[in-house]
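Please open the model in your viewer and keep the selection tool at hand.

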Amino acid sequence: MSIGTVLNMLRDEFPEVTISKIRFLESEGLVEPWRTPSGYRKFSADDVERLALVLRMQRDHYLPLKVIREHLEAMERGEAVQPPVLGRQRDGEAGLPVVETPTAARIGRAELLAAAGIEDAELQEWEAYGLLTPLADGSYDAEAVTVASLVCELGRFGIEPRHLRVMKAAADREAGLVDQVVAPLKRHRNPQTRAHAEARTKELAALTVRLHAALVQTALGVRLP
């Protein structure tokens, strides 16, 4: 089945589902449709059932994608896992256990310098322009290595850190928009709803990045591979 056909099949139960949502779940490894030689997605009936299960776990239990992925992997291994009870929790019923979110990976300053192949003076310059910001304990999150590598690559084309302030400002505005959307979920008293905020943030972030890339390509009149 094409992605359009899958969308129509799912919309009876999930009226808010979109093609972008299906593509996002694919990018997260929750479904792997077959690809034709020309690159078109083709979904099987099992793929559709898997998508429906993922959407139910998100809708009914606010489970983050990490937990859903672990549940699906356990099912694939043939393990006797206890599937979540479908249907929203009612007053007086036992809720799902709260899922503890692991602390994000961190990297020390010396490790970041070595990974990026830069001197401390360069890192200080990047920090001055807001491209990298250390955490309270002086370490950096794992994404700092990616940022550092990209800043280095752009530098090969003569693009200096001061030129990248406009990108940082745009990223901050986009992040602010996403945070504004998920803020009500983050403030919710239900721990499962707050956990759902993480999954929603990742989904919106992925869509924002794709839109940003498409807008840049359109503005430049090029198409990236």
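This is a predicted model: local features need pLDDT of at least 70, side-chain atom pairs count only at pLDDT 80 or more; totals for chains, interfaces and linings use all residues.

Residues are numbered from 1 along each chain as its sequence is written, and side-chain values use heavy atoms, with hydrogens and water left out.

**First stop: the largest nonpolar core.** Select L10, I22, L25 and L51, which touch the most other members of the 22 residues in this core. A nonpolar core is a set of buried Ala, Val, Leu, Ile, Met, Phe, Trp, Tyr and Cys residues joined through side-chain atoms within 4.5 Å. Buried means under 20% relative accessible area, exposed over 50%, and partly exposed in between (1.4 Å probe, protein chains only). At least two residues of this core come from each of α1 (3–11), α2, α3 and α4 (65–76). The largest share, 6 residues, is supplied by α3. Helices (H or I, at least four residues) are DSSP runs, numbered from the N terminus.

Which residues does L51 touch, not counting residues up to four places away in sequence? They are V6, L10, I22, L25, V31 and F43, where contact means heavy atoms within 4.5 Å.

**Second stop: a separate core.** Select L112, I118, L132 and V151, which are among the 14 residues of a second core.

Display residues 19–27, helix α2, where K21, I22, F24, L25 and E26 are buried. After α2 comes G29, with a positive phi near 80°. Next, select E49 in helix α3 (residues 45–61). Is E49 buried or exposed? E49 counts as exposed because its relative accessibility is 56%. From E49 to L10 the C-alpha distance is 9.3 Å, although the two are 39 residues apart in sequence.

Select residues 165–186 and look at Q180, where helix α8 has a kink of about 35°, shortly before the proline P184. The bend at a residue is the angle between axes fitted to the seven residues ending there and the seven starting there. The buried residues of α8 are A170, V178, V182 and A183, and their cover includes α9.

**Last stop: the end of α9.** Select L220, which belongs to helix α9 (residues 191–220). L220 has a relative accessible area of 60%, and therefore counts as exposed.
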